[in-house]
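Hi there,

Here is the structure I promised to pass on. Have a look at it first, and then read on for what turned up.

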Amino acid sequence: MTVITRFPPSPTGMMHIGNARTALFNYLYARHNDGKFVIRIEDTDRARHSDEAVDVIIDSLNWLGLDFDNTPTSQYANKDRHIEVAQELLTEGKAYKCYCSPEELQEMRDSMKSEGRIVAYNNKWRDKNDSDAPADTPYVIRIKSPLDGHSVVPDSVQGDVKVENKQLDDMIILRSDGTPTYMLAVVVDDYDMGISHVIRGDDHLNNTFRQNVIYDAMGWDKPTYAHLPMILGDGGGKLSKRHGAVSVDEFKQAGYLPEAVNNYLLRLGWGHGDDEIISIEQAIKLFDFKGITKSAAKFDYTKLESLNAHYIVEADNQRLLDLLTPFLKSEIDVELNETTASRLLNGMNGIKERAKTLVQLAHEARLYCTDITEYDDKAQKQLNTDSAIIFKGLLENLKTLSDFNHDPLEALCRDTATALADDKLGKVMMPLRAALTGTDKSPALFEAMEVLGKDETLIRIQNAIDFIEKS
RNA sequence: GUCCCGUUCGUCUAGGGGUCUAGGACACCGCCCUUUCACGGCGGCAACACGGGUUCAAAUCCCGUACGGGACGCCA
């Protein structure tokens, strides 16, 4: 049997990170088994549908690198097929017309709730004849659920889950306007598309029993189910904007790499021994239902960050440069030219291990792509008459240095320290850091000078001297 | 209210009766490295929700309690 998994997002205008994990797991399971991974847009609710909302989801999947094997289908487009199934069930007496109004149903639920009974439809129209039907009254079609006994859903994550059938009421499969409900549509589409494994959030676990009623009524084989535990916010409630990014696009905007997001999401609810750093390729090899955790997990942004830091260091420098471009614009208002781009590329190794996100990396990149003409408070403290003397000595020595590379630069700075700063290297380097970067924290300076080059280094030192003498 | 699911360090998790004085990762603390901040290295803190069973033996199996999450729509 070929494995076919699916990701069925409803077009809400964003891709929630929890849905991203569901998509990931479906993707991994399909790839692990040489199967197919398909996308189906759950747009039976027309009010919510929009093409832009669909694009957002596709963009997110693309960004994550979760490639799918079909042209995303619209559930709405299969409407006629869903209706056909509902009609078939009706003809066979497995479904029936219910003339209750929404108001009547609401009252029914309210009273049942206040009496502490099971909140369910009371089967009022289940056994009525057509002759009892009121004229000109809209009706819905409900499917007949078993009245007694119990049902079991064998779940690959949760194990066998059992429920008494009296908990299941006769759900609506066709609305009074003749359109199919989600419950009907998923089942029919999953069946028609040959979905072998339904992997979804465990908020759907209860729905599974109801959906199985349709499978049974149609005599269809059921898919294998795997219900994933939820992802929660740090308070234990729903993960919300209050905690930080929640949509895939927001994580992208916040400067996370897709491989970090995938790795984090994978480990959130799935484990393989002590493995922590797992590439998507390895994940495809390793992924199984056995490793899925049963309990809900709280989202930890700090751990994601640390993973992101790891993947930034691993990332190819040219790719980082490309990814960084929009962040340079938005964070420090810089557009690279040939000189600064090449400098940044050369300096990338030195700065990338200092950043946890692309946002931070943009700030780290600053010293390589802007002129340094302003100094922050910490830097200004380093720029005084004492350091001016050191700068002048440094300048003289640097001018004559022909081999402007790490080791000679270090030797030169150490000599300068011996001569002018009581052999304290820090007394040379801290002011130099202020001059070269405009602040008091930076990557290692010998490398930075090498990357900046002789001309730029000398200019920055001279600028610092000018600054001191002006003030 | 009814039903379903869950509960190991702060967080993510390893663990599927003895190898657990419970392992790893992130976070945190300390030390080292060091021109700053990071990185890195080393070390430390820190958990089996509770109560009953079953068993020679339970984090692991069973039951109950508590707590948390989820579902009870002509939403998906």
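Leaving aside its neighbours within four places in sequence, which residues is Asn165 in contact with? They are Pro146, Asp148, Gly149, His150 and Ser151, where contact means heavy atoms within 4.5 Å.

Before going further, a note on conventions. This is a predicted model, in which local features need pLDDT of at least 70 and side-chain atom pairs count only at pLDDT 80 or more, while totals for chains, interfaces and linings use all residues. Residues are numbered from 1 along each chain as its sequence is written, chains are lettered from A and ligands numbered from 1 in the order in which they are written, and side-chain values use heavy atoms, with hydrogens and water left out.

Back to Asn165. You will find Asn165 in the loop between strand 7 (159-164) and strand 8 (172-174); helices (H or I, at least four residues) and strands (E, at least two) are DSSP runs, numbered from the N terminus. Asn165 is buried, at a relative accessible area of 4%. Here buried stands for under 20% relative accessible area, exposed for over 50%, and partly exposed for anything in between (1.4 Å probe, protein chains only). The Asn165 side chain also comes to 2.8 Å from the backbone oxygen of Asp148. That is a polar contact, meaning a pair of N or O atoms within 3.5 Å; within protein, one must be able to donate a hydrogen and the other to accept it, and residues adjacent in sequence count only if both atoms are side-chain atoms.

Now the overall layout. Chain A is assigned domain 1 (4-74 + 231-303), domain 2 (77-228), domain 3 (315-369) and domain 4 (377-470), with bounds from an automatic or database domain assignment. Taken over C-alpha atoms, the centres of domain 1 and domain 4 are 49 Å apart.

Why does Leu239 count as buried? Because its relative accessible area is 8%. Apart from neighbours within four places in sequence, Leu239 is in contact with residues including His16, Ile17, Phe299 and Tyr301. Its C-alpha atom is 53 Å from that of Arg414, which is 175 residues away along the chain.

One open sheet has three strands in the order 1-2-3, with parallel pairing; two strands pair if DSSP finds at least two bridges between them. Its edge strands, each pairing on one side only, are strand 1 (4-7) and strand 3 (73-74). Strand 1 is joined to strand 2 (residues 36-41) by four bridges, and Ile4 sits opposite Lys36 of strand 2.

Strand 5 (residues 140-143) is covered on both faces, with Val140 and Arg142 buried on one side and Ile141 and Ile143 on the other. In a regular strand, side chains alternate between the two faces of the sheet. Strand 5 runs antiparallel to strand 4 (residues 95-98), through four bridges, and antiparallel to strand 8, through two bridges. Ile141 stands opposite Lys97 and also opposite Leu174 in strand 8.

RNA strand B is surrounded by 60 residues, and the closest are Arg109, Arg175, Lys290, Arg354 and Ser442; a residue is near a strand if one of its heavy atoms lies within 4 Å of it. Of the atoms of RNA strand B that come within 4 Å of the protein, 66% belong to sugar and phosphate.

- Gln167 has an N or O atom 3.2 Å from a sugar or linking oxygen of RNA strand B.
- Lys303 places a polar atom 2.8 Å from a base nitrogen of RNA strand B.
- Arg414 places a polar atom 3.1 Å from a phosphate oxygen of RNA strand B.

Helix 18 (425-437) is among the elements that give two or more residues to this surface, and the largest share, four residues, comes from helix 18.

Lastly, two backbone details. Most residues other than glycine have a negative phi. Asp333, in the loop between helix 11 (317-332) and helix 12 (338-352), has a positive phi near 55° and is exposed at 56% relative accessible area. Asp422, in the loop between helix 17 (406-420) and helix 18, has a positive phi of about 50° and is exposed at 60%.

Enjoy exploring!
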